[in-house]
Amino acid sequence: MRVPVLAINFKTYPSAFGDKALAIAKTADKVAKELGNIEIIVIPPFTELRRILEAVEIPVFAQHADPYDYGAHTGWMPITALKDVGVKGVLLNHSEHRIRLDEIVHLVQKARELGLETLVCADTPQAAAAVATVNPVALAVEPPELIGTGVAVSKAKPEVITRTVELVRKVNSEVIILTGAGISSAEDVAKAIELGTAGVLVASAIMKAKDPEKVIREMAEAAVKAIKK
Ligand code: G3P
């Protein structure tokens with residue numbers, strides 16, 4: 001994973017499915033290629049993975065994975081199957097889809113064996129430090145109470161970010177640290193990077209935007225500019 005990172009979680013917004021999802025993914029791909037020096041990651045629902053993977057070259061992550069291989073596991077999503085579909089990585093332990101610590105440990109290890117990247121969410125600086133000891137490629141600290149509010153963590157709770165960076169770096173010097181929750185503008189992205197992260201995990205500001213391209217471009221440009229400082 002390169003930095004800076006703009007990871008777009010499609011969640012299950014209406015725009016996360018069908019032609020709208022494809023259009024947002026293609027836009028992200030276009031902006032990433034134009035700017036060149038940013039990792040824009042799209043994280044669509046399972047149902048959209050194949051179609052989007054066929055249409056873009058930027059990294060595509062799944063929103064979740066289950067600690068199973070192929071077999072009799074009705075309704076679960078084996079991490080091995082995601083690898084075979086062609087995703088570059090998986091998002092794990094999002095606040096809206098939490099998993100147990102032993103499952104995080106297993107899945108990060110399994111992902112590594114499969115050559116998949118991992119982006120693991122944590123709700124507090126302490127949880128982020130715990131996650132960092134498992135050695136994912138990246139982690140994202142997201143205070144749940146700010147998710148989807150439009151009130152940016154980087155403005156409303158900068159201490160969550162600085163404390164996360166401080167605690168995580170005590171146990172892991174490599175993991176890419178991201179933040180998210182309420183990130184709404186280019187300024188929020190720049191602030192997140194100034195506070196010590198390598199980028200953001202964002203959803204509603206893009207998925208609910210009238211003009212997603214404008215938001216993606218502005219956020220990506222701000223990230224590239226801020227990381228150089
Ligand atoms: O995964 C990103 C997320 O939880 C933040 O959501 O809508 O506040 O950008 P949002």
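## Terms and basis

On a 1 Å grid over the protein atoms alone, a pocket is an open set of points with protein on both sides within 12 Å along at least five of seven lines, a cavity is a set of points where a 1.4 Å probe fits but cannot get out, and lining residues have an atom within 4 Å of a point. Grid points are joined across faces, edges and corners, and a volume is the space filled by probe spheres set on the points.

The model is predicted, with local features needing pLDDT of at least 70 and side-chain atom pairs counting only at pLDDT 80 or more, while totals for chains, interfaces and linings use all residues. Residues are numbered from 1 along each chain as its sequence is written, and side-chain values use heavy atoms, with hydrogens and water left out.

## The cavity and its ligand

The count comes to one cavity of 30 Å³ or more, and about 110 Å³ of space lies in the largest cavity. Its lining comprises 13 residues, and those nearest the centre are Lys-11, Ala-181, Leu-201, Val-202 and Ala-203. The ligand sits in this largest cavity, in the sense that more than half of its atoms lie within 2 Å of the grid points.

Polar contacts are pairs of N or O atoms within 3.5 Å. An oxygen atom of the ligand lies 2.5 Å from an N or O atom in the side chain of Ser-204, a polar side-chain atom of Glu-142 is 2.8 Å from a ligand oxygen atom, and a polar backbone atom of Ala-203 is 2.9 Å from an oxygen atom of the ligand. Of the 300 Å² of accessible area that the ligand has on its own, the protein covers 100%, as computed by the Shrake-Rupley method with a 1.4 Å probe.

## The two largest pockets

The largest pocket has a volume of about 210 Å³, and the residues lining it include Asn-9, Lys-11, Phe-46, His-64, His-94 and His-97. This lining divides into two nonpolar, six polar and two charged residues, where Ala, Val, Leu, Ile, Met, Phe, Trp, Tyr, Cys and Pro count as nonpolar, Asp, Glu, Lys and Arg as charged, and the others, Gly among them, as polar.

The second largest pocket, of about 160 Å³, is lined by 13 residues, with Asn-93, Cys-121, Ala-122, Asp-123 and Ala-127 closest to its centre. Eight of the lining residues are nonpolar, three polar and two charged.

Key. A polar contact is a pair of N or O atoms within 3.5 Å; within protein, one must be able to donate a hydrogen and the other to accept it, and residues adjacent in sequence count only if both atoms are side-chain atoms.
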